[in-house]
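Please look over the sequence and structure first.

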Amino acid sequence: MNLREYKVWDATTRIFHWLNVLCVLGLIAIGTLILNAGALDISDNGKILLKTLHVWVGYVFALNLFWRLVWGFIGGPYARWRAVLPLGRGYGSALADEIKRIRSGQNVGYLGHTPLGRIAVTVLLLMLTVQAATGLILAGTDVYMPPFGGYFAEWVAADGLDPSQVLPYAPETVNPEAYQAMRDMRAPVIETHEIMYFALLGMIALHILAVVLTELRHGGTIISAMFTGRKAYREPPVDAPQ
């Protein structure tokens, strides 16, 4: 078939991708149960268990995402920010060229992210970052877990009660006025977290659709490359090294 292979994705990038997939799927599944706890008649103890599990998976998700953000500065050439963010010298012309090729029906491939793909990946990473940040805050307000749980427990603890004794779904352990003030502060955070939950569902669906369509249109073993690290093309990709 006269295919040429190119090494593209380093091991760290591939591990991040699939660990992120597993974490996001787990968080979506648990989050869906939490959102529908009332309809499912889940007890308070069940909610605490679900939220605690959600937080632990969230820790893995956040650490994995943090490492990917760092890897953008020190990773392989296609994982670095200059190859991911929709910025830099020549990006505007590259984006215009890609749009022109799409309109003319030209079948071309890329080793790294396409110019349009760089926009999508940047938006997705920003959404994941917002979800991680708001989730860490909610971990403290809901089940008083790190990194902010101690602060919120101290804020809402009942008079004379050691903050370490504050428990979720235990109104006798909190000062009602302080607890309400904390919940008011929390309101925009939980709203952002929930909105981003639905936005991510849509973005993930678009991501999967775009990958499948690109694989069908341009080849390049795009899907398998996230396992092997290599893409294969019959014709040299647009961004192939000269």
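Angles under 35 degrees count as roughly parallel, over 145 as roughly antiparallel, 65 to 115 as roughly perpendicular, and the rest as oblique. This is a predicted model, where local features need pLDDT of at least 70, side-chain atom pairs count only at pLDDT 80 or more, and totals for chains, interfaces and linings use all residues. Residues are numbered from 1 along each chain as its sequence is written, and side-chain values use heavy atoms, with hydrogens and water left out.

**Helix 2 against helix 5**

- Helix 2 (residues 44-74) packs on helix 5 (residues 115-142) at about 140°, and their axes are 10 Å apart.
- Helices are DSSP runs (H or I, at least four residues), numbered from the N terminus. Axes are lines fitted to C-alpha atoms over the stretch in contact, and angles run from 0 to 180 degrees between N-to-C directions.
- Helix 2 and helix 5 are therefore oblique to each other.
- Contact means heavy atoms within 4.5 Å.
- The contact of helix 2 with helix 5 has eleven nonpolar, one polar and two charged residues. Ala, Val, Leu, Ile, Met, Phe, Trp, Tyr, Cys and Pro count as nonpolar, Asp, Glu, Lys and Arg as charged, and the others, Gly among them, as polar.

**Helix 4 against helix 5**

- The axes of helix 4 (residues 91-104) and helix 5 come within 8 Å and cross at roughly 110°.
- Helix 4 and helix 5 are therefore roughly perpendicular to each other.
- Helix 4 contributes Tyr91, Ala94, Leu95, Glu98 and Ile102 to the contact, and helix 5 contributes Pro115, Leu116, Arg118 and Ile119.

**Nonpolar core**

- The largest nonpolar core has 20 residues, of which Phe61, Leu65, Leu125, Leu128 and Leu200 touch the most other members. Such a core is a set of buried Ala, Val, Leu, Ile, Met, Phe, Trp, Tyr and Cys residues joined through side-chain atoms within 4.5 Å.
- Helix 5 gives this core its largest share, six residues.
- Leaving aside neighbours within four places in sequence, Phe61 is in contact with Asn20, Cys23, Val24, Leu27, Leu128 and Ala132.

**Gly31**

- Gly31 lies in helix 1.
- At 11% relative accessibility, Gly31 counts as buried. Buried means under 20% relative accessible area, exposed over 50%, and partly exposed in between (1.4 Å probe, protein chains only).
- Gly31 and Leu50 are 19 residues apart in sequence and 8.3 Å apart in space, C-alpha to C-alpha.

Terms used:
Helix = DSSP H or I, 4+ residues; strand = E, 2+ residues; numbered from the N terminus.
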